[in-house]
Amino acid sequence: MPDAKPLIQVKNLNLYFGNFHALKNVSVDFHAGELVGLVGDNGAGKTTLIRVLCGIHKPTDGEVYFDGKLVKEFHPKLAIDQGIETIQQSVGLCDNLSIARNFYLGREPVRKVLGIPLLDFAKMRGEATKVIRAFGLRDNVSADDEVERLSGGERQSVKIGRAVEFKNRVVIMDEPTNHLSVREREHVNELALQLRNQGLLVIYITHDIFQVHKLADRIVIMENGEKIEDASTDKMSAEALEEVIRQGGRVVEKMES
Amino acid sequence: MTFLRQLAKSAGFGSVVGVGVMLIAFTLIDFSGWWTARTLSNVIHFTSILGLIAIGQALVIISKEIDLSVGSVYGLAGIAFITLEPSLGVPGSMAAALAIAALCGLAQGILVVWGGLPSMIVTLGGLFTFRGVIYVWTGGSVRNFSTDAREHWLTRLFGGEFLGFENALLWMLLMLAVLSVVLKLTRFGNHLLATGGSAESAESRGVRIDRVKIATFVICSLMAGFAGIITLADRPQTHVTIGDLLELEAISAAVIGGCLLSGGRGSLIGAVLGAFIVTSFRYELIALGAPSSWFITFVGIVLIVAVIFNQKLARWAGHNV
């Protein structure tokens, strides 16, 4: 069950890119142990909101609280250090590096040799091998192989395996099942639920409301940079939520007036 | 075949083949001119100098940038080393020359990263700016070391010989070993390879790509400055055109050695072998009695052939390039 106190609290967030108002006064809470579906059409602001949470964009104004503390600095490194892991569609793995090197990128373990800190390849290889076996990569793929060898599903598995391995508190998945086969998609969705059951906050971005409705505890819908709906999945059906998206928030305005 | 494919996966493999083909060709064409002590000693000396610069250049190319200013930085550091010696002494002027080189790299790195400017433009500006400083500073005149400065132990440590090997060669091999370890076996090296492979992915994993790139520009300029110091410690006489066009030779060496301008792949040993190929062509043409102006044409041809060959080789080995 989600905690009463939000793990991430976004308050009156605005973000401009030049003159473009990308996020408009967005306020939303996220709790630990919760799987939240973040839904909306292309350009709705889902990914932009997430990019604030993982430290890529700095908001123009408004506040973000993490674990009750006001976030003052925004950088991907700080977000990762806080245990916020983002799994993005096309970003996160370097094709030219081995799976083991990618796995530990940004937090490489080192071992001192004659006082010089050198990469601890034994550990990197060992852990990465364990994870890629557990996540069902082909048997002939080794942790020393470059990522360019992997299929789309295998890449996604490596990223999710990495998120699980590093004891994170928040896992943000941006369209995690795009370009995946049916079986791979089910596998990824199972993993998302597993993470939630372990007490993590999982934010799942997609535009497939029906798929995420089955998984999520709560759905947040965005449109034109605004949050237009925030409802738990046992209160609103997928069809009703789809109607909200189709109407582009006009339903909500009507209800409010 | 599988073994060969495995070998071909490493970025420097093409240049090993290149060196083999070149040595066979030179031996067949001009055995008596090529295999002479004079030709070989010249080739080794200039391979060492160019190798130092090419190693730095290779690191910058691996980070998916380019540094066109290395020839001018090489000249500027060398001239600072000679010109500042009367007031600072040999150790002082050497430190000052390296500091100047490092500053050149720092300034350009900052402009590229924080200014968001293409490194091609920034370092082209650097090429002209630092060359201009050389002209103004020396007033076009030639400077020499005093006898004392020539005999100083530091001058001899960088310019002399050890057990029959030129110190330049030993320094180059030392830097090659150190920086190869840094690139392949350290955190910084992993971040550098990742930055060149996919800056966006590296950043999303918390790699400070801004710092990585700035550090790489500083290392590259330091290597160029160090090469300038070694050149002038060996022959302590300046001239204003010192290092002219050296940037193009250094880039050629790195590219012949298997560095891909698309970033993320390259080999420092390959860069040194590339420097060996470029330098060998120069001295083989001299040995053949060909006009020296042909040299640039040959470098151009070798460069293009090498790029085609390296790319085919990389694809054959299974890389997406």
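The model is predicted.

**Sheet.** Four strands of chain A form an open sheet in the order S2-S1-S4-S5, and their pairing is antiparallel. Strands S2 (20-30) and S5 (69-70) of chain A are the edges, each pairing on one side only. S5(A) runs antiparallel to strand S4 (residues 61-66) of chain A, and two bridges join them. Phe66(A) has Lys69(A) in S5(A) as its bridge partner.

**Cores.** The largest nonpolar core holds 106 residues. Ile53(B), Ala54(B), Ile55(B), Ala77(B) and Met223(B) have the most contacts inside this core. Helix H12 (residues 209-234) of chain B gives the largest share, 16 residues. A second, separate core has 54 residues, including Leu15(A), Ala44(A), Val71(A) and Val202(A).

What does Ala77(B) contact, leaving aside its neighbours within four places in sequence? The partners are Ala97(B), Leu98(B), Ile100(B), Ala101(B), Ala224(B), Gly225(B), Gly228(B) and Ile229(B).

**Covered helix.** Helix H13 (residues 246-256) of chain B is mostly covered, with ten of its eleven residues buried. Among the buried residues are Leu246(B), Glu247(B), Glu249(B) and Ser252(B). The table gives elements that are included in the cover.

| Covering helix of chain B | Residues |
|---|---|
| H2 | 13-34 |
| H3 | 37-62 |
| H4 | 70-83 |
| H6 | 119-138 |
| H14 | 268-287 |
| H15 | 294-316 |

Just after H13(B), Gly258(B) adopts a positive phi of about 105°.

Technical notes
Residues numbered from 1 in each chain as written. Chains lettered and ligands numbered in written order. Predicted model: local features only at pLDDT ≥ 70, side-chain atom pairs only at ≥ 80, totals over all residues. Pairing = 2+ DSSP bridges. Core = buried A, V, L, I, M, F, W, Y, C linked by C-beta atoms within 7 Å. Buried ≥ 20, exposed ≤ 12 C-beta atoms within 10 Å, placed from the backbone. Contact = placed C-beta atoms within 7 Å.
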